[in-house]
Amino acid sequence: MICDICHSNEASIHVTEIVNNQMQEIHICEECAKKKGIMMSPNFGLADFLANLTDFGLPAEKQALGQKQLKCPGCGLGFEDFKKIGRLGCGECYTAFKKGLQPLIRKIHGNLQHTGKHPEGAAGYSQETASLTDLEDKLKKAISDEAYEEAARLRDRIRAIKNNKDENK
Amino acid sequence: MTLNDLLKNTSEWIKGAGPDSEIVISSRVRFARNLSGIPFTHWASQQQRRQVLKTVKSALDSNNYFKKSLFLKVDELAAVDKQFLVEKRLISRELASGSDSKAVDISDKEIFSIMVNEEDHLRMQVMQSGLNLEEALRLMDTVDNDLAGKLNYAYDANWGYLTACPTNVGTGMRASVMLHLPALVMGKRVKGVLMSIAKLNLAVRGLYGEGTEAAGNFFQVSNQVTLGHSEQEIVDNLQRVIRQIIDYEQGARDNLFSNSRTALEDKIWRAYGVLSNAYIITSKETIDLLSIVRLGVNLKIISNLDIKTINELFIITQPAHLQKLEGKELNPQERDVKRAEIIKKKLKTT
């Protein structure tokens with residue numbers, strides 16, 4: 001059996017958890033166990049373990065767990081809020097919560113790419129690109145107005161969107 | 001046009017003049033749209049919702065289809081009027097139950113109905129009689145394209161039209177068809193047909209009631225997927241499936257007519273008998289009996305009645321309609337009496 005984390009070494013540590021008739025298993029090799037400083041204490045919970053593995057390239061659903069703390073910069077809606085009420089806050093939420101939304105939307109529609117009509121003159125319009133351009137304009141203005149705190153906020157938002165873009169290439 | 005004009009005039013689709021209207025009552029296409037840069041309705045501030053309403057209204061005012069339209073703000077409507085609009089299928093329950101800055105713009109002949117600040121900033125619908133999704137889509141496109149030029153829709157090249165709920169993202173389009181399937185129900189074949197529809201990613205709902213039983217043998221079939229297919233593909237897909245169902249229902253009707261003619265005629269004339277003679281009749285009984293009588297008219301077993309009258313009866317025997325016709329509030333018992341009175345009157349004049 002291959003390690004669930006590195007997918008290369010043989011797994012020598014097998015953890016099985018049974019809670020309320022639900023069973024979850026994970027198999028890891030010694031190297032990964034050491035690397036991640038995984039504690040093999042008796043109170044070890046599988047859920048916590050999995051929740052910390054967001055950067056291991058696990059399936060999208062588990063990766064979405066990292067989206068927990070996310071808030072949309074456009075309207076302030078949190079990803080957790082969305083999960084409770086089932087509705088997004090604004091168009092920018094689709095960009096902010098992209099990673100968390102993709103598996104959900106794929107499940108609902110079986111597709112991730114719109115192939116229907118578009119408003120005239122908006123064929124290649126990308127919410128992301130528009131937000132970026134808009135934000136970059138706002139940043140220039142904030143700097144010239146010497147509103148440095150606002151400029152710092154804008155810079156962070158731009159960085160976040162660019163990171164998002166790179167990760168999804 | 002005023003609200004009370006809606007009481008006097010019948011919606012275009014009720015006239016029953018569309019294609020395949022013996023089995024298909026109506027076709028509907030709905031587009032969900034939002035304005036860019038403003039939070040979706042439930043997350044927007046009061047001021048933002050007012051802004052949406054103002055912007056949308058001025059865009060609609062300059063559209064030809066809405067020159068003589070009826071524009072209504074939900075918070076200015078009495079409860080019975082809101083219920084009346086829901087019964088006419090011009091607004092949703094969601095819009096009716098809200099208030100601040102929620103509104104609807106209804107075009108002449110009730111072909112278009114545009115809700116503002118419902119789940120999305122704009123929920124636009126077009127109704128056509130019979131199976132006519134093509135025409136419904138064409139009309140919807142016309143208005144949508146005009147508004148797109150005046151407003152700034154929230155749109156993305158990857159996700160499509162952005163909506164409050166991800167179940168609507170992409171085309172934002174819900175195409176649906178209302179069907180009357182009495183023969184399939186009587187032949188106990190409807191469940192099989194509906195289950196195979198569900199496998200095709202289409203949603204089926206019984207109308208006039210919740211749960212598995214569909215009162216009046218009415219069913220609404222609509223697409224569930226809105227992202228990844230073009231608007232035309234969604235319509236073509238749905239149309240193809242509906243054509244199949246029409247064939248099944250027609251086959252079941254022919255079967256009943258040739259193999260159980262006497263039992264069928266008995267059922268139909270008994271229904272007609274109760275409807276034309278009862279003094280007290282409930283909503284449920286009305287719908288069930290009207291459904292059978294409708295089949296009787298389709299099969300030409302009843303010849304002195306037309307489909308338009310039957311379709312009208314389905315609508316005007318609903319609670320808010322009865323009260324508006326009477327001009328005052330009625331309790332359930334009074335409604336049951338008024339209902340029987342109206343039915344008798346309509347059936348006698350034919």
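First, the ground rules. This is a predicted model, where local features need pLDDT of at least 70, side-chain atom pairs count only at pLDDT 80 or more, and totals for chains, interfaces and linings use all residues. Residues are numbered from 1 along each chain as its sequence is written, chains are lettered from A and ligands numbered from 1 in the order in which they are written, and side-chain values use heavy atoms, with hydrogens and water left out.

Start with the interface. Its size is often given as the accessible area lost when the parts come together. Here, chain A and chain B bury about 3000 Å² between them. Of that, 58% lies on carbon and sulfur atoms. Buried area is the accessible area (1.4 Å probe) that two parts lose on being put together, summed over both. Which residues of chain A lose the most area to chain B? They are A:Arg87, A:Tyr94 and A:Lys117, together 26% of what that side buries. The contact (heavy atoms within 4.5 Å) takes 35 residues from chain A and 38 residues from chain B.

Now salt bridges. That means a side-chain nitrogen of Lys or Arg within 4 Å of a carboxyl oxygen of Asp or Glu. Over all chains, the structure holds 27. Between chain A and chain B the count is four. A:Lys117 pairs with B:Asp144 in a salt bridge, closest N and O atoms 2.7 Å apart. Inside chain A, A:Glu80 bridges to A:Lys83, with closest N and O atoms 3.4 Å apart. Those two are three residues apart in helix 4 (residues 79-85) of chain A, so about one helical turn separates them. Helices here are DSSP runs (H or I, at least four residues), numbered from the N terminus.

On to chain B. The axes of helix 5 (residues 133-150) of chain B and helix 8 (residues 231-259) of chain B come within 10 Å and cross at roughly 160°. Axes are lines fitted to C-alpha atoms over the stretch in contact, and angles run from 0 to 180 degrees between N-to-C directions. That makes helix 5 of chain B roughly antiparallel to helix 8 of chain B, the term for angles over 145 degrees. Helix 5 of chain B contributes B:Leu133, B:Glu134 and B:Leu137 to the contact. Residues from helix 8 of chain B include B:Val235 and B:Leu238.

Last pair. Helix 3 (residues 79-87) of chain B and helix 12 (residues 319-326) of chain B have axes that come within 8 Å and cross at roughly 125°.

Key
Angles under 35 degrees count as roughly parallel, over 145 as roughly antiparallel, 65 to 115 as roughly perpendicular and the rest as oblique.
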